[in-house]
Amino acid sequence: MYEKDGEKYFVVDAHTHFWDASPDNWVKGQEEYAKGWIECFHAYQGLGPKETHWPIDRFQKYSEELMMHDLFEVGHVDTAIFQPTNLRQWYKNGFNTTEADGALAEKHPGKFLVNTTFDPREGDAGMRAFEERVKRYGCKGVKLYTAEWYGDSRGWSLKDPEAARYLEKCEELGVKNVHVHKGPTIWPLDKDAFDVSDVDYVATNFQGLNFIVEHVGLPRIEDFCFMATQERNVYAGLAVVVGGLMHARPKFFAKVMGELMFWLGEDKLIFGADYAIWEPKWQVEGFVDWNMPGDEELSDFPPLTVDQKKKILGLNAARLYDIDVPKELQLAAPESVEPVGVPNS
């Protein structure tokens, strides 16, 4: 819990990782890509405050103790949600797997929720493994990386018939939250495979699922907003938005937040720190302190209220994942209003 100026915030970090990109985990013959991937991630960390930057060796593989400290001891996080990314073509044991996440979550009950992943190119065998992981770790969500390499394939689309089979299985298993990476490209993956243009297709076809578009399609923010506003089950995942822009590009951050609030609204924005690219502490504290600048070019956008920030920082994700929120951290119920024209009894 974070408290500031007498207000208490229940914080759900809906986008966190526990990865191993150390050289010992690089696939022989794929070292260029394994090294390039984690160095690109590390470069993004430079968008945060200088005092939060890590040396590359720590960034490649950090300890359980460091993660628990950064999230729960000093980071103000009440509950964190693991979002896996396999990348087994470059990393022997995978980069950030459901299994590694699940093992850590089991050691720290009540701290983490474990999401899993699927790749429709894995066919029936992948489907069976997906179902086993869901049952093993009680997954309520899935993280999809449509630009991941698989053999000679350099990406897939949510519109693919095989993807529909997996999404049908999500509905059957109660995996209702589908997080899709749509935003900044990480080398050497291809930009086109991260485009948001396939999201509305599946959002319309699978209205029983929630589609959380991670990184809101950046830098294609207009494409995302104009698509998301027409789909009642599309949400904005703010990983990269807060960590990548709030400190390094404050005016662009204000524009992005203004567009998201205007087109999607306060109930559909989901905070995620994107650890270990960025630590949650400075993001939570900074977002609570932040508000819309008074610049003329931003005059379309009103300031955020405390209640809106509480929704974004945790209450929206808690609703999607059925996380129990202590009563004192919930929003007060709106006062009832006497209907106009109805006389008092």
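**Close-up views of a predicted model**

**View 1. The largest nonpolar core and helix α10.** Of the 102 residues in the largest nonpolar core, those that touch the most other members are Trp37, Tyr91, Phe112, Phe224, Met257 and Leu260. Helix α10 (residues 250–263) gives the most to this core, with six residues. A nonpolar core here is a set of buried Ala, Val, Leu, Ile, Met, Phe, Trp, Tyr and Cys residues joined through side-chain atoms within 4.5 Å. Buried stands for under 20% relative accessible area, exposed for over 50%, and partly exposed for values in between (1.4 Å probe, protein chains only). Helices (H or I, at least four residues) and strands (E, at least two) are DSSP runs, numbered from the N terminus. The model is predicted: local features need pLDDT of at least 70 and side-chain atom pairs count only at pLDDT 80 or more, while totals for chains, interfaces and linings use all residues. Residues are numbered from 1 along each chain as its sequence is written, and side-chain values use heavy atoms, with hydrogens and water left out.

**View 2. Surroundings of Met257.** Leaving aside residues up to four places away in sequence, Met257 is in contact (heavy atoms within 4.5 Å) with Leu238, Val241, Leu269, Phe287, Trp290, Leu304 and Ile312.

**View 3. Pro250 in helix α10.** Pro250 is found in α10. Its relative accessibility is 43%, so Pro250 counts as partly exposed. Ala193 is 57 residues from Pro250 along the chain, and their C-alpha atoms are separated by 28 Å.

**View 4. The five-stranded open sheet.** The strand order is β6-β7-β8-β9-β10, with parallel pairing; two strands pair if DSSP finds at least two bridges between them. β6 (141–144) and β10 (269–270) stand at the edges with a single partner strand each, so one side of each has no neighbour in the sheet. Four bridges join β8 (residues 210–214) and β9 (residues 234–237) in the parallel sense. Glu214 has Gly237 in β9 as its bridge partner. Helix α8 (residues 221–228) packs on the sheet, where α8 touches β8 and β9, and its direction makes about 150° with that of β9. Axes are lines fitted to C-alpha atoms, for helices over the stretch in contact, and angles run from 0 to 180 degrees between N-to-C directions.

**View 5. Strands β3 and β4.** Five of the five residues of β3 (residues 12–16) are buried, so this strand is largely enclosed by the rest of the structure. β3 pairs with β4 (residues 79–82) in the parallel sense over three bridges. Thr79 in β4 is the bridge partner of Val12.

**View 6. Helices α5 and α6.** The axes of α5 (residues 123–137) and α6 (residues 161–173) come within 11 Å and cross at roughly 25°. α5 is therefore roughly parallel to α6; angles under 35 degrees count as roughly parallel, over 145 as roughly antiparallel, 65 to 115 as roughly perpendicular and the rest as oblique. Residues making the contact include Met127, Phe130 and Val134 of α5 and Tyr166, Cys170 and Leu173 of α6.

**View 7. Helices α11 and α12.** The axes of α11 (residues 280–289) and α12 (residues 306–321) come within 10 Å and cross at roughly 160°. The two helices are therefore roughly antiparallel to each other. Phe287, Val288 and Asp289 of α11 make the contact with Lys309, Ile312 and Leu313 of α12.
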